[in-house]
Amino acid sequence: MNQPKKETIVDWTNGELEGEALASVEAWATENPAMAESLANELEDPFTALTTLPKEVEPPYPDFLNAKIRQAAESTVAEGVAQEVLTPQPSITSKLQWLFVPFALAAMAACFVLGTQFAQKEKIGGGVAKKTESSENLVYVPSEKVSVRQFDSKVATVIVLDGLEPIADDDLAMTSGKEPSDSVRWVAKKTRETFWY
Amino acid sequence: MNIFRHFPSNFLRGPVGATGSGGEMSGGRSQDTDRILVEQAQKGDYSAFDKLVTEHRGKVYAMIVNMVKNDADAWDLTQDSFIKAWKALPKFENRSKFSTWLFRISHNVVYDWARKKKIQSEGELDDNLFSAADIDPNAKTVPSQPSSPDREMEKAELRVEIEMALAKLSEKHREVILLREVQGMDYKEISEIIGASVGTVMSRLFNARKKLQTLLSR
């Protein structure tokens, strides 16, 4: 920005500029502070009578002033220390408190996973459900030579007959009054029936 | 006659009355010293801050007493200024002059005090808070050099007249003219202290000078 005219700077020094003119000169002065200062000093009309007033005046009881300031400063420091002492330092548990929530969530997730793992093992290990020998036999066997044992489970009931005479293969027939998909199957000996008319 | 006034009561400041000479160092060296002392004080060394107080209390007190025209209030406000400076010292960045920053604090202290006084006073609407009647003609000052009694009396009378005229200015005008004509600060420093632009500083200076000339020419 160009240096303003001398008359403009004089007006500025005398505080007679306003609005855009003032803003313009101030912008120039901000960019060129040393030049502005030098010109302003050259052009200003100082009030030299004020130089009779002393620049420095030692206050009454200066050492006492210093002592009072020191006392106030020390009490400021003491207040700061007391504040630190009164404010309890956080304990280790409170410092680690932020860990509680994620730890709890992790524990819950672990329990859930373990629970599902156990449930699956129970399911895979059986299909074979636990066999229990039932005390209540459903089969009547007249021959004393044949013993019956019955095993019940969720998926099937198994009846074991001990002491039967062996059955020849030719005599065996897989017969069922129902479709093969049905759960009921039985084996019977073939017999020839003769009908007389 | 007190011959002891010629001996330094404070080795930093030199003999009593030796304002602008003797114990006062050149501007650049004083600034460097201030910077070093501020750094030490910021690290917790109170003796360094004590040296800063001793170095600057004269200027701060002179400025404040010319503003408030009361020795007791000026003493309290000087103490308050330094206490605030100690508390705010950790925030001082030590890039600008310590004296400018200190004057800024004392400016705020004086204005806060004046505001409270205005609130407490009854029915006082005039901005010229400080009346000429508050000036003590026997106010203690430190003459530069002993001179003849007649000359001393003339100077004392002129000083009283000037102080009475200053008291009739508004606070804003009085402050800028004291900072410029008495403390010898440049426009940029004054603008930092009062929190206004350089243009505002010049405007107030011009008006203050004009009004003073009018008052003193009566």
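Helices H7 (residues 187-194) and H8 of chain B have axes that come within 9 Å and cross at roughly 100°, where helices are DSSP runs (H or I, at least four residues) numbered from the N terminus. H7(B) and H8(B) are therefore roughly perpendicular to each other, a class that covers angles of 65 to 115 degrees. The axes are lines fitted to C-alpha atoms, for helices over the stretch in contact, and the angles run from 0 to 180 degrees between N-to-C directions. The model is predicted: local features need pLDDT of at least 70 and side-chain atom pairs count only at pLDDT 80 or more, whereas totals for chains, interfaces and linings use all residues. Residues are numbered from 1 along each chain as its sequence is written, chains are lettered from A in the order in which they are written, and side-chain values use heavy atoms, with hydrogens and water left out.

On the H7(B) side, B:Tyr187, B:Lys188, B:Ile190, B:Ser191 and B:Ile194 meet B:Val198, B:Val201, B:Met202, B:Arg204 and B:Leu205 of H8(B), contact being heavy atoms within 4.5 Å. By class, this contact has seven nonpolar, one polar and two charged residues; Ala, Val, Leu, Ile, Met, Phe, Trp, Tyr, Cys and Pro count as nonpolar, Asp, Glu, Lys and Arg as charged, and the others, Gly among them, as polar.

The axes of helix H6 (residues 171-182) and helix H8 (residues 198-216) of chain B likewise come within 9 Å, crossing at roughly 95°. H6(B) is thus roughly perpendicular to H8(B). Residues of H6(B) in this contact include B:Lys172, B:His173 and B:Val176, and those of H8(B) include B:Asn207, B:Ala208 and B:Leu212. Five nonpolar, two polar and five charged residues make up the contact of H6(B) with H8(B).

Between the chains, 39 residues of chain A are in contact with 47 residues of chain B. The buried area is about 4100 Å², of which carbon and sulfur atoms give 63%; this is the accessible area (1.4 Å probe) that two parts lose on being put together, summed over both. In chain A, the most area is lost to chain B by A:Phe47, A:Lys55 and A:Glu56, together 19% of what that side buries.

A search of the whole structure finds eight salt bridges over all chains, each a side-chain nitrogen of Lys or Arg within 4 Å of a carboxyl oxygen of Asp or Glu. One salt bridge is found across the interface of chain A and chain B. A salt bridge links the side chains of A:Glu58 and B:Arg57 (2.7 Å, N to O). A:Glu58 lies in the loop between H3 and H4 of chain A and B:Arg57 in helix H2 (residues 46-68) of chain B, so the pair joins two chains.

Methods: Angles under 35 degrees count as roughly parallel, over 145 as roughly antiparallel, 65 to 115 as roughly perpendicular and the rest as oblique.
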